[in-house]
Amino acid sequence: MENYNKFNWFLLTGFFSGLLPKAPGTWGSVVASIIAYLIIVFLPNPHMTIWLLIVFFSVVGFKLVDDYEKKGGIHDDKRIVIDEFAGVLISIGLFGDLKHDTLIKVFFAILAFRILDIWKPSIIGKIDKKAPGGLGVMGDDILAGIFGGILAGLMYMGYLKLINYL
């Protein structure tokens, strides 16, 4: 939409990562994960910052998606990846100790979130298909983030068992 607020578009498209031509959802997840990684590495209390970002991207995402669609934007426009930002940050934020094995935890969080976000099993798919506006766009990714965090935790536990076995 040509006349849409540029700052809102910047947020909706995940700092313009959603404008990349191939796999915008994956790019949005990667950008959000890089931000999370930098927060974990450089800030003393990363959990608080990550959860503040989760709340920010979730609340702002609901509002901006509704606004975008009311102004004539496409429902669940593939360029909009603020939902991926919220979802992957939830997956990362559900890990307890983020300062230990950070890179592998972030990797598992991205992988688990993207699998569930693309596959959309069970309630995730129902919300995606049936909920209108911001609830539909944001809701499925928030749930994928929650279940992705659980799956990522299980993947990490398997990784630790494998490392200890070897």
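Below are my notes, entry by entry, on a predicted model.

**Pocket**

I started with the largest pocket and got a volume of about 280 Å³. Its lining comes to 19 residues. Which of them lie nearest the centre? I noted Lys78, Glu84, Arg114, Asp117 and Lys120.

Next I sorted the lining by class. I count 11 charged residues there, with six nonpolar and two polar ones besides.

Then I checked where the lining comes from. Helix 2 (24–42), helix 4 (82–93), helix 5 (102–119) and helix 7 (133–165) each put in at least two residues.

**Backbone**

I found Ala23 in the loop between helix 1 (6–12) and helix 2. Is Ala23 buried or partly exposed? Its relative accessible area is 43%, so I put it down as partly exposed, given that this class runs between 20% and 50%.

Asp101 is another case: phi is near 55 degrees, again positive and again not a glycine. Asp101 belongs to the loop between helix 4 and helix 5. With a relative accessible area of 25%, Asp101 also goes down as partly exposed.

**Nonpolar patch**

On to the surface. I found a nonpolar patch made of Trp51, Leu94, Ile123, Ile146, Phe147, Ile150, Leu151, Leu154 and Met157. Together these residues have about 780 Å² of accessible area. Which helix gives the most to the patch? Helix 7 does, with six residues.

Phe147 lies in helix 7, and its relative accessible area of 37% makes it partly exposed. Patch members need over 30% relative accessible area, so Phe147 at 37% clears that cut-off.

**Gly73**

Last stop was a glycine. Gly73 is in the loop between helix 3 (46–70) and helix 4. Buried or exposed? Gly73 has 13% relative accessibility, so it counts as buried; the limit is under 20%.

I also took a distance from there. Gly73 and Tyr165 are 92 residues apart in sequence, and their C-alpha atoms are 52 Å apart in space.

Note on methods:
Residues numbered from 1 in each chain as written. Predicted model: local features only at pLDDT ≥ 70, side-chain atom pairs only at ≥ 80, totals over all residues. Heavy atoms only, no water. 1 Å grid on protein atoms, 1.4 Å probe; cavity = no way out; pocket = protein on both sides within 12 Å on 5 of 7 lines; lining within 4 Å. Points joined across faces, edges and corners; volume = space filled by probe spheres on them. Helix = DSSP H or I, 4+ residues; strand = E, 2+ residues; numbered from the N terminus. Nonpolar A, V, L, I, M, F, W, Y, C, P; charged D, E, K, R; others polar. Buried < 20%, exposed > 50% of the residue type's maximum accessible area, 1.4 Å probe, protein only. Patch = residues over 30% accessible without salt bridge, like charges linked within 9 Å, V, L, I, M, F, W, Y side chains within 5 Å. Areas by Shrake-Rupley, 256 points an atom, 1.4 Å probe, with all protein chains shown as cover. Salt bridge = Lys/Arg side-chain N within 4 Å of Asp/Glu carboxyl O.
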